[in-house]
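Thanks for making time this morning. I would like to walk through one structure and how its pieces pack against each other, so please have a look at what is on the screen.

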Amino acid sequence: MTTLVVRLGELGLENYAPYLMNRIMGRYNAALKEEMSALGLTTQQMRALAVLSVVNGTLISELAVYAVVPQSTLSRALDALVSDGMIRREADGTDSRAVRIFVTGTGREAYDRLWPHMAQANEAMFYGISDEEKRVFIWTLQTMLRNIRKCNF
């Protein structure tokens, strides 16, 4: 059986999911830029604080996956967050080579100031979309992630 491969030009950018997802995330990040700048945060730092607000004390390697930031880039972002007193690093109790990252009170305050803007940007993306359509869309994204992920989370 021969599989017909449709070229991007034939498909069109408006029908290509990776393009649409990148555009959406670009607009989402742009919507948060002013508030992030006011807090002295980069997108990578914001993502790290957001993840740590849910999964505090995670390993750096896991945080890189959750935050969707290359580990080398994340390490620089974490250095700045440590300097600003927003996170702290601790050696893992079972593996002395591993480091866990914890949000501090200062980091939690910054995240708490940013969260309403994140929630508002999220709501703006779903304007005019029913709760059922949103539920199905989220389920579809979760399925897509399971299809392509390389780790168990």
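Which residues does Ala48 touch, not counting residues up to four places away in sequence? Before I answer, a word on the source: this is a predicted model, in which local features need pLDDT of at least 70 and side-chain atom pairs count only at pLDDT 80 or more, while totals for chains, interfaces and linings use all residues. Residues are numbered from 1 along each chain as its sequence is written, and side-chain values use heavy atoms, with hydrogens and water left out.

Now to the answer: Ala48 touches Leu63, Ala67, Leu74, Leu78 and Leu81, where contact means heavy atoms within 4.5 Å. Ala48 is found in helix 3; helices here are DSSP runs of H or I with at least four residues, strands are runs of E with at least two, and both are numbered from the N terminus. Ala48 counts as buried because its relative accessible area is 0%, and buried means under 20%, with exposed over 50% and partly exposed in between, using a 1.4 Å probe and protein chains only. Its contact Leu63 lies 15 residues from Ala48 in sequence and 6.9 Å away in space, C-alpha to C-alpha.

Of its 28 residues, Leu41, Leu49, Leu63, Leu74, Leu78, Leu81 and Met118 touch the most other members. Two or more residues each come from helix 2, helix 3, helix 4 (60-67), helix 5 (71-83), strand 3 and helix 6, and the largest share, 6 residues, is that of helix 3.

Let me turn to the sheet, which is open and has 3 strands in the order 1-3-2 with antiparallel pairing; two strands pair if DSSP finds at least two bridges between them. Strand 1 and strand 2 are the edge strands, each pairing on one side only. Helix 3 packs on this sheet, touching strand 1, strand 2 and strand 3, and its direction makes about 90° with that of strand 3, the axes being lines fitted to C-alpha atoms, for helices over the stretch in contact, with angles from 0 to 180 degrees between N-to-C directions. Strand 1 (residues 58-59) is joined to strand 3 by 2 bridges, and Thr58 stands opposite Ile101. Strand 2 (residues 87-91) pairs with strand 3 over 5 bridges; there Ile87 faces Val103, and Glu90 has Arg100 as its bridge partner.

Finally, helix 6 (residues 105-125) has 21 residues and reaches 30 Å from its first C-alpha to its last, close to the 30 Å expected, the expected span being 1.5 Å times one less than the number of residues.

Methods: Core = buried A, V, L, I, M, F, W, Y, C linked by side-chain atoms within 4.5 Å.
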